[in-house]
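We will go from stop to stop, picking a few residues each time.

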Amino acid sequence: MNKHLRWLTPRVVILLVVAMFVGGIIYLSYQNAIDRFKDFRITIDNQSTYELTGIQAGLIGSDNTANVKDKSLYIPGLNLPSGKKIRFTPQLKLSGEESIYLKFKDSRGKNYTETVCGYTEHLTGHTRVTVTNDTISVKEECS
(Lines give C-alpha, C1' and ligand atoms only; values in the text may rest on other atoms or scores of the structure.)
Protein backbone atom coordinates (compact mmCIF):
# COMPACT_ATOMS: atom_id res chain seq x y z
CA MET A 1 0.00 0.00 0.00
CA ASN A 2 1.18 3.50 -0.80
CA LYS A 3 2.47 5.43 2.25
CA HIS A 4 0.42 8.51 1.34
CA LEU A 5 -2.88 6.61 1.38
CA ARG A 6 -2.38 4.65 4.60
CA TRP A 7 -4.76 6.91 6.51
CA LEU A 8 -7.56 6.14 4.02
CA THR A 9 -8.92 3.07 5.79
CA PRO A 10 -12.49 1.80 5.37
CA ARG A 11 -13.35 3.28 8.76
CA VAL A 12 -12.22 6.79 7.66
CA VAL A 13 -14.13 6.50 4.37
CA ILE A 14 -17.33 5.55 6.24
CA LEU A 15 -16.88 8.46 8.66
CA LEU A 16 -16.39 10.89 5.74
CA VAL A 17 -19.53 9.62 3.98
CA VAL A 18 -21.59 9.88 7.18
CA ALA A 19 -20.26 13.40 7.85
CA MET A 20 -21.17 14.51 4.31
CA PHE A 21 -24.66 13.01 4.65
CA VAL A 22 -25.27 14.74 8.00
CA GLY A 23 -23.91 18.01 6.60
CA GLY A 24 -26.32 17.79 3.66
CA ILE A 25 -29.28 17.24 5.98
CA ILE A 26 -28.27 20.20 8.16
CA TYR A 27 -27.87 22.42 5.09
CA LEU A 28 -31.31 21.51 3.73
CA SER A 29 -33.02 22.00 7.09
CA TYR A 30 -31.55 25.49 7.57
CA GLN A 31 -32.09 26.60 3.98
CA ASN A 32 -35.47 28.17 4.88
CA ALA A 33 -33.81 30.14 7.67
CA ILE A 34 -31.21 31.43 5.21
CA ASP A 35 -33.91 32.34 2.65
CA ARG A 36 -35.23 35.04 5.00
CA PHE A 37 -32.09 37.10 4.32
CA LYS A 38 -32.12 36.83 0.51
CA ASP A 39 -33.90 39.24 -1.85
CA PHE A 40 -37.69 38.91 -1.67
CA ARG A 41 -39.07 36.23 -4.01
CA ILE A 42 -42.59 35.17 -4.91
CA THR A 43 -43.45 31.61 -5.97
CA ILE A 44 -46.84 31.08 -7.61
CA ASP A 45 -48.15 27.52 -7.93
CA ASN A 46 -51.14 27.44 -10.29
CA GLN A 47 -53.14 24.35 -9.34
CA SER A 48 -56.31 25.73 -10.91
CA THR A 49 -57.67 24.77 -14.31
CA TYR A 50 -57.25 28.34 -15.56
CA GLU A 51 -54.29 30.25 -16.97
CA LEU A 52 -53.14 33.22 -14.86
CA THR A 53 -52.38 36.41 -16.77
CA GLY A 54 -51.45 40.01 -16.04
CA ILE A 55 -49.28 39.05 -13.08
CA GLN A 56 -47.82 42.04 -11.24
CA ALA A 57 -46.39 42.82 -7.83
CA GLY A 58 -46.35 46.21 -6.16
CA LEU A 59 -46.06 48.08 -2.91
CA ILE A 60 -48.81 49.39 -0.68
CA GLY A 61 -47.82 52.32 1.52
CA SER A 62 -48.71 52.79 5.17
CA ASP A 63 -51.78 54.77 4.07
CA ASN A 64 -53.13 51.62 2.29
CA THR A 65 -52.78 53.10 -1.18
CA ALA A 66 -50.89 51.47 -4.00
CA ASN A 67 -47.67 53.33 -4.61
CA VAL A 68 -46.90 53.18 -8.33
CA LYS A 69 -44.09 55.71 -8.56
CA ASP A 70 -40.36 55.11 -8.70
CA LYS A 71 -40.05 51.32 -9.27
CA SER A 72 -42.72 50.27 -6.78
CA LEU A 73 -44.62 48.30 -9.42
CA TYR A 74 -43.14 45.20 -11.06
CA ILE A 75 -44.68 43.40 -14.02
CA PRO A 76 -42.74 40.23 -14.91
CA GLY A 77 -44.59 39.88 -18.22
CA LEU A 78 -45.38 36.24 -17.57
CA ASN A 79 -48.50 34.15 -18.01
CA LEU A 80 -48.83 31.04 -15.88
CA PRO A 81 -50.53 28.02 -17.48
CA SER A 82 -52.57 25.61 -15.39
CA GLY A 83 -50.45 23.15 -13.41
CA LYS A 84 -47.23 25.20 -13.61
CA LYS A 85 -45.12 27.15 -11.10
CA ILE A 86 -43.08 30.31 -11.45
CA ARG A 87 -40.68 32.05 -9.12
CA PHE A 88 -39.61 35.64 -9.58
CA THR A 89 -37.92 38.42 -7.68
CA PRO A 90 -39.93 41.62 -8.02
CA GLN A 91 -37.66 44.59 -8.64
CA LEU A 92 -39.26 47.03 -6.23
CA LYS A 93 -37.92 50.15 -4.55
CA LEU A 94 -38.95 50.39 -0.92
CA SER A 95 -39.51 53.74 0.75
CA GLY A 96 -40.21 53.03 4.41
CA GLU A 97 -42.52 50.46 5.91
CA GLU A 98 -44.76 48.96 3.25
CA SER A 99 -46.65 45.83 2.19
CA ILE A 100 -46.30 43.86 -1.03
CA TYR A 101 -49.31 42.84 -3.08
CA LEU A 102 -49.73 40.44 -5.98
CA LYS A 103 -52.31 41.10 -8.68
CA PHE A 104 -53.40 38.79 -11.51
CA LYS A 105 -56.43 37.53 -13.36
CA ASP A 106 -57.45 34.12 -14.57
CA SER A 107 -58.49 33.13 -18.07
CA ARG A 108 -62.17 33.65 -17.10
CA GLY A 109 -61.40 37.35 -16.57
CA LYS A 110 -61.74 37.26 -12.78
CA ASN A 111 -59.30 39.66 -11.05
CA TYR A 112 -57.43 38.85 -7.84
CA THR A 113 -55.38 40.99 -5.48
CA GLU A 114 -53.57 39.33 -2.57
CA THR A 115 -51.21 40.73 0.06
CA VAL A 116 -48.10 38.56 -0.15
CA CYS A 117 -46.06 40.35 2.52
CA GLY A 118 -48.04 42.18 5.17
CA TYR A 119 -45.14 44.27 6.42
CA THR A 120 -41.62 44.78 5.19
CA GLU A 121 -38.77 47.19 5.76
CA HIS A 122 -36.08 45.32 3.82
CA LEU A 123 -37.64 43.35 0.90
CA THR A 124 -36.17 40.05 2.07
CA GLY A 125 -37.63 36.58 2.42
CA HIS A 126 -40.10 34.73 0.26
CA THR A 127 -43.79 34.04 -0.21
CA ARG A 128 -45.50 31.00 -1.69
CA VAL A 129 -48.89 31.55 -3.33
CA THR A 130 -50.99 28.51 -4.25
CA VAL A 131 -53.94 29.12 -6.57
CA THR A 132 -56.74 26.56 -6.89
CA ASN A 133 -60.17 26.87 -8.51
CA ASP A 134 -61.73 27.74 -5.15
CA THR A 135 -59.04 29.36 -2.99
CA ILE A 136 -55.79 31.28 -2.96
CA SER A 137 -53.46 30.47 -0.08
CA VAL A 138 -50.50 32.65 0.83
CA LYS A 139 -47.62 31.50 2.99
CA GLU A 140 -45.44 34.50 3.70
CA GLU A 141 -42.01 34.49 5.29
CA CYS A 142 -40.77 38.00 4.74
CA SER A 143 -39.23 40.81 6.70
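Are Cys117 and Cys142 buried or exposed? Cys117 is buried, and Cys142 is buried too; buried stands for under 20% relative accessible area, exposed for over 50%, and partly exposed for what lies in between, with a 1.4 Å probe and protein chains only.

Before moving on, a word on the ground rules. This is a predicted model, where local features need pLDDT of at least 70 and side-chain atom pairs count only at pLDDT 80 or more, while totals for chains, interfaces and linings use all residues. Residues are numbered from 1 along each chain as its sequence is written, and side-chain values use heavy atoms, with hydrogens and water left out.

**Stop 1: the disulfide**

Keep Cys117 and Cys142 selected and show their side chains. A disulfide links them, with an S to S distance of 1.9 Å; the criterion is a pair of cysteine sulfur atoms within 2.5 Å. Searching the whole structure gives 1 disulfide. Look along the S-S bond: the torsion there is about 100°, so this disulfide is right-handed. Cys117 belongs to strand E7 (residues 111-120) and Cys142 to strand E9 (residues 136-142), so the pair ties together parts that are 25 residues apart in sequence.

**Stop 2: the cartoon view**

Switch to cartoon and colour by secondary structure. The protein chain has 1 helix and 9 strands, where helices (H or I, at least four residues) and strands (E, at least two) are DSSP runs numbered from the N terminus. Along the sequence the pattern reads α-β-β-β-β-β-β-β-β-β. Of the 143 residues in the protein chain, 32% are buried.

**Stop 3: an open sheet**

Now select E5, E1, E8 and E9. These 4 strands make an open sheet in the order E5-E1-E8-E9, with mixed pairing; two strands pair if DSSP finds at least two bridges between them. Strand E5 (85-88) and E9 are the edge strands, each pairing on one side only. From one strand to the next, the twist averages 10°, taken between lines fitted to C-alpha atoms, with angles from 0 to 180 degrees between N-to-C directions.

Zoom in on strand E1 (residues 41-46) and strand E8 (residues 125-131): they run parallel and are joined by 6 bridges. Val131 stands opposite Ile136 in E9.

**Stop 4**

**Stop 5: the rings**

Finally, select Phe104 and Tyr112. The count of aromatic pairs is 1, and here the ring centres are 5.3 Å apart with planes at 25°, so the pair is stacked. Rings of Phe, Tyr and Trp (its six-membered ring) pair if their centres lie within 6.5 Å; planes under 30 degrees apart count as stacked, over 60 as edge-to-face and the rest as tilted. Phe104 is buried at 3% relative accessibility, and Tyr112 is buried at 15%.
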